[in-house]
Amino acid sequence: MVATALEKAQCLRIESEFLKKVIALEDPHNHVALQYLIQVSRRFYSSLALISLSSKQRVVYTLIELVDIFGRHTKASIIELPSFVNYETIAEFARCSRSYTVSVLTTLRKQNVISSKKSGWVVLNEKRLREEDHGQNN
């Protein structure tokens, strides 16, 4: 990311944990500011991750994000995703082509990490999926 100032600018770097503690100490009932801080931090991290990851890692990262946000645990390590999750949505969120997304997800399916059914996608092995995200099995 690059930021260009047209005139003089001052930037302050504030650690998010420090800001959370200050807000909680000064105004413990200000849940709106705390939730906003958490949301901005997540979006920033997600954007940064998508910029710095390889295409395969972006697809896996997107799948993990969808699991974390929308996943429904049915058994110990089995997680169901909602019906709107498909090749197109994963490809769009991962900023990859649909064909490349299909090839990455096909590989994960052959490794029994994920499964697709008429009702939607199912993550069969969450631990293995998260290992893929960290590049341990690339």
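## Before we start

A residue counts as exposed when its relative accessible area is over 50%, and as buried when that area is under 20%. Please keep in mind that this is a predicted model.

## Two loop residues with positive phi

Most residues other than glycine have a negative phi. Arginine 95 has a positive one, near 60 degrees, and is not a glycine. You can find arginine 95 in the loop that links α4 (87-94) with α5 (98-110). Its relative accessibility is 53%, so arginine 95 counts as exposed.

Asparagine 112 is another non-glycine residue with a positive phi, in this case about 60 degrees. Look for asparagine 112 in the loop between α5 and β3 (114-117). With a relative accessible area of 53%, asparagine 112 is exposed.

## A pair of packed helices

Two packed helices are described by the angle between their axes and the distance between the axes. Helix α2 spans residues 31-52 and helix α3 spans residues 55-70; their axes lie 9 Å apart, at an angle of about 155 degrees. Angles over 145 degrees count as roughly antiparallel, and therefore α2 and α3 are roughly antiparallel to each other.

Which residues make the contact? From α2 come Tyr45, Ser46, Ala49 and Leu50, while α3 contributes Arg58, Tyr61 and Thr62. Sorted by class, the contact of α2 with α3 has four nonpolar residues, two polar ones and one charged one.

Conventions. Residues numbered from 1 in each chain as written. Predicted model: local features only at pLDDT ≥ 70, side-chain atom pairs only at ≥ 80, totals over all residues. Heavy atoms only, no water. Axes fitted to C-alpha atoms, helices over the stretch in contact; angles between N-to-C directions. Helix = DSSP H or I, 4+ residues; strand = E, 2+ residues; numbered from the N terminus. Parallel < 35°, antiparallel > 145°, perpendicular 65-115°, else oblique. Contact = heavy atoms within 4.5 Å. Nonpolar A, V, L, I, M, F, W, Y, C, P; charged D, E, K, R; others polar. Buried < 20%, exposed > 50% of the residue type's maximum accessible area, 1.4 Å probe, protein only.
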